[in-house]
Amino acid sequence: MARFMSRLWCKVESSGRHLPIVLNAVLVFSITAEVSYLVLVEAPLEPEQKTTEWSTMWKAMHLFAQYFMLGNITWNASLFVKTNPSIRGVFLGGDALGQGWRYCYNCETHTPPRCSHCYDCNVCVLRRDHHCVFFGQCVGFHNYRYFLTCLLFMWAGLLYAVVMNAEVFIVILKEGVTFHSIMLLLVPWIMLVSGQVTARAFAFAFIADTCVLGFLLVAAFLFFHVAVMLRGQTTREWYSTRQPYNLGALANIRECLGKYWYICWLCPLIPSPLPGDGINFKVTGSLEPTK
């Protein structure tokens, strides 16, 4: 019985690790399907415009932009999860251990500067930023580009969805700001259960609210990581007043996104080799705290 329960718990735990990825995928594809419906069915709203060439071109351009962003989100997320950011399979060097090196008792090896142990992944990660619970993977030196680009396109996609769903707010508020319209935007579930709105109005209001909240959340993450990158820091180094790895804004971007940082964000297939190896870093100050 104990062995059976142990195996069952292991399966539940393994499934739980992939649950955030599944939920993220469901959310992204659901919003994409809803916006596709808005483009193909709801817009343009004027009946005489639905059969014109302008309408066809308008729909084609919007669908292309939408699925271009969706493709980049899924591709970057896939590469982020598949890219190994840890020290496994990495030759860390010989006997010459310089400033900033430490010994990890969990991995039983010396680790380079900016490398730290992740207790969720149970391994040390090169230039570890943080453990991303949404993907069940650590953000480190080798996969930071894919993480940041995925955030960028998620932000752009949610902004696009908010703009497309703005018509919902316009329709709701066309007679002015009323108690009924405010309640529909704030608590659509209660309005639906109480029979105050139709299922169609509830669906548009709920998805619009989800897009707005998702946009604000992703925007906060994106702008924070852009600020961290421009300062030449990681999330773990953010609270430190010292910035020994700050090489200037342009050099800091190149350190994170690679040689072709200015174009690599357009597609994950564009090669952009990183200038370092995740072990040795250019420094502009002491790595040890001043006494």
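**Aromatic pairs, cysteines and backbone of the chain**

Tyr262 is partly exposed, with a relative accessible area of 49%. Here buried means under 20% relative accessible area, exposed means over 50%, and partly exposed covers the range in between (1.4 Å probe, protein chains only). The model is predicted, so local features need pLDDT of at least 70 and side-chain atom pairs count only at pLDDT 80 or more, while totals for chains, interfaces and linings use all residues. Residues are numbered from 1 along each chain as its sequence is written, and side-chain values use heavy atoms, with hydrogens and water left out.

Tyr260 is likewise partly exposed, at a relative accessible area of 31%. A pair is called when the ring centres of Phe, Tyr or Trp (its six-membered ring) lie within 6.5 Å; planes under 30 degrees apart count as stacked, over 60 as edge-to-face, and the rest as tilted. The search of the whole structure returned 13 aromatic pairs. One of them joins Tyr103 and Tyr105: the centres are 5.0 Å apart and the planes stand at 75 degrees, so the pair is edge-to-face. Tyr103 is partly exposed, with a relative accessible area of 37%. Tyr105 is exposed, at 68%. Tyr260 and Tyr262 also form an edge-to-face pair, with centres 6.3 Å apart and planes at 85 degrees.

Phe80, Phe135, Tyr144 and Phe147 make up one aromatic cluster. A charge sits over a ring if NZ of Lys or CZ of Arg is within 6 Å of the ring centre and within 35 degrees of the ring normal. Tyr144, a member of the cluster, has Arg127 over its face, 5.3 Å from the ring centre. Trp238 has Arg231 over its face, at 4.3 Å from the ring centre.

The overall architecture was examined next. Helices (H or I, at least four residues) and strands (E, at least two) are DSSP runs, numbered from the N terminus. The chain has nine helices and six strands. Of its 291 residues, 39% are buried. The accessible surface comes to about 17000 Å², and carbon and sulfur atoms account for 67% of it. Areas come from the Shrake-Rupley method with a 1.4 Å probe; for residues, only the protein chains shown count as cover. Contact means heavy atoms within 4.5 Å. Among contacts with a separation of 6 or more, 57% link residues 24 or more positions apart.

Helix α3 spans residues 144-164. From its first C-alpha to its last, α3 reaches 30 Å, close to the 30 Å expected for 21 residues at 1.5 Å a residue. The expected span is 1.5 Å times one less than the number of residues. The helix is mostly covered, with 15 of the 21 residues buried.

Gln66 is placed in helix α2 (residues 53-82). Gln66 is buried, with a relative accessible area of 6%. Leaving out residues up to four places away in sequence, Gln66 touches Thr32, Val35, Ser36 and Tyr160. Thr234 lies in the loop between α7 (199-230) and α8 (249-257). Thr234 is also buried, at a relative accessible area of 1%. Beyond neighbours within four places in sequence, the contacts of Thr234 are Arg114, Arg127, Arg128, Asp129 and Val228.

The cysteines were then checked for bonding. A disulfide is a covalent bond between the sulfur atoms of two cysteines. The cut-off applied is a pair of cysteine sulfur atoms within 2.5 Å. The count by this rule is zero. For Cys107 the closest cysteine sulfur is in Cys124, at 3.6 Å, too far for a bond. Cys107 is partly exposed, with a relative accessible area of 24%. Cys138 is in no disulfide either; the nearest cysteine sulfur, that of Cys118, is 3.2 Å away. Cys138 is buried, at a relative accessible area of 0%.

Backbone angles close the survey. Most residues other than glycine have a negative phi. Glu108, not a glycine, has a positive phi near 55 degrees. Glu108 lies in the loop between β1 (102-104) and β2 (109-111). Glu108 is exposed, with a relative accessible area of 62%. Asn122 also has a positive phi, of about 60 degrees, although it is not a glycine. Asn122 sits in the loop between β3 (116-118) and β4 (123-125). Asn122 counts as exposed at 51% relative accessibility.
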